[in-house]
Amino acid sequence: MSNAKESLIIFDTTLRDGEQSPGAAMTRDEKLRIAKALERLRVDVIEAGFPAASNGDFAAVQAIAAAVKDSRICALARARDEDIRRAGEAIAGAAAGRIHTFIATSPVHMQAKLRMSPDEVLERAVAAVRLARQYCDDVEFSPEDAGRSHEDFLCRVIEAVIDAGARTINIPDTVGYNLPDRFGQLIADLRARVPNADQAIFSVHCHNDLGLAVANSLSAVLHGARQVECTINGLGERAGNAALEEIVMAVRTRADVFPCDTRIDATQIVPTSKLVSTITGFPVQPNKAIVGANAFAHESGIHQDGVLKHRETYEIMRAEDVGWAANRMTLGKLSGRAAMRARLDAIGIHLEGEALNTVFVRFKDLADRKAEIFDEDLQALVNEDMQEQSEHYRLGYLRVCSEMGTRPEATVEVLVEGVARTAKAVGGGPVDAAFRAIEAVVESQAQLLLYSVNAITTGTDAQGEVTVRLQRDGRSVNGQGADTDIVLASAKAYLSALNRLQQPQGRRHPQI
């Protein structure tokens, strides 16, 4: 009898569903950087975006399809002809492509949102799959809100779309409503009841509204699902999606329970997590499983003693296996351009010409202020440079005076399309004063929703990475800034968010 394990397909939707987190919109170049990191991680399928949402999303999917060769590139499309054609065009240049089409099947969605009868939904689903098959052989279908759909109707729809050519059937828990035992049983029941179920791979896409996305996904795997849709760091709408790193390491660590395994290169998990965190401005909480700063830390004396005697007393995984030890090489002020470029290449960032020169100048400036420069510092430098390439606002000068017993005062110079403007303001603290001074120049009328500070590396000379979320006219954007001076990093982050507000939105939610 063979002991070979089945393959569990990892479908990453960081670039599509993850981008729907408030303020997490990414540029084309940022998406490309993450896509290449996912390729190094050996993700099977990368859902690169929703091409019908905007011309920018179409261009990003098209660029990723051309650049990534070792992962299948997937484009999302509603069950509409125009969406599917747009998706087909976007992935035309992919080495391996997929179209993922969907339509809602729960009573509440069909009645309140679609205003369609079940028969009309069934007809639309079949037509969408048939049209998608004209563009590629690999078609995935999702009955949106399957977790609240009637099982009999689900069986009808799934059987029909498999007959129409769908080769992956994804069962989404769209609103995170399900519980692990019931969701796993739903997968088992569908696989047993649908006559042609053996002609498709069953997949799951779970949201984390009740904190059960990973548990529901793993339960589904135990009941026969062989694809899991997930995101780096659990990024996603509302409370997020199932976290890729937790799915992968649960299956690998509990090989005694799961009859399958992934092809993921786990040593790339932490570097990819940090890249996504840097680009999106969503810091990873310290106690986050696998990728949190405290995930392999031991404070208790009993735990420390046990680990020193035998690691497996309190550790079920090795930190180096998920990439914690893989990116510890440091650079310093004596390091040259070649060393910096080699390290950038090693972490998947390839720069040439003027872009390399600009980052090297920033690198040398940082090295004068910081003893050791880590991979995370390099990622922050590159991210800052990319943000500045299309700036409407740029920081020219900042001076902040803060003394005990007095209100802090900030003087700022902001370049507005190259024209210098200055202003002064006082505030409740140095950061507040800096923000007020910037607002005195730009008069954005934006509302500050979030201010977050995260140390990129350890030590008192570490760069602080600041995330600012601004909202204006119902639109939320994130801005990031990094510097060893936290007030300066805050000003950079605020201007970064303002620059994003200046860019046209041009993107619709894919389920509207």
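Student: Which residues make the nonpolar surface patch of about 310 Å²?

Tutor: In this predicted model, where local features need pLDDT of at least 70, side-chain atom pairs count only at pLDDT 80 or more, and totals for chains, interfaces and linings use all residues, the patch is made by Leu-448, Tyr-451, Val-453 and Ile-486. Residues are numbered from 1 along each chain as its sequence is written, and side-chain values use heavy atoms, with hydrogens and water left out. A patch here consists of residues with over 30% relative accessible area and no salt bridge, nonpolar side chains (Val, Leu, Ile, Met, Phe, Trp, Tyr) being joined within 5 Å and like charges within 9 Å, while accessible areas come from the Shrake-Rupley method with a 1.4 Å probe, for which only the protein chains shown count as cover for residues.

Student: Which strand gives the largest share of the nonpolar patch?

Tutor: Strand 14 (residues 447-455) does, with three residues; strands (E, at least two residues) and helices (H or I, at least four) are DSSP runs numbered from the N terminus.

Student: And is Leu-448 buried, partly exposed or exposed?

Tutor: Leu-448, which is found in strand 14, counts as partly exposed because its relative accessibility is 40%, given that buried means under 20% relative accessible area, exposed over 50%, and partly exposed in between (1.4 Å probe, protein chains only).

Student: Switching to charges, how many salt bridges are there?

Tutor: The count comes to 33, a salt bridge being a side-chain nitrogen of Lys or Arg within 4 Å of a carboxyl oxygen of Asp or Glu. Among them, Arg-78 pairs with Asp-83, with the closest N and O atoms 2.6 Å apart; Arg-78 is buried at 7% relative accessible area, and Asp-83 is buried at 2%.

Student: What does Lys-288 pair with?

Tutor: Lys-288 forms a salt bridge with Glu-245, the closest N and O atoms being 2.7 Å apart. Because Lys-288 lies in the loop between helix 10 (269-280) and helix 11 (301-309), and Glu-245 in helix 9 (residues 244-253), the pair ties together parts that are 43 residues apart in sequence. Lys-288 and Glu-245 are both buried.

Student: Where does Leu-351 sit, and what does it touch?

Tutor: Leu-351 lies in the loop between helix 12 (337-346) and helix 13 (353-369), and is buried, with a relative accessible area of 15%. Leaving aside neighbours within four places in sequence, Leu-351 is in contact (heavy atoms within 4.5 Å) with Arg-341, Leu-344, Leu-356, Val-359 and Val-382.
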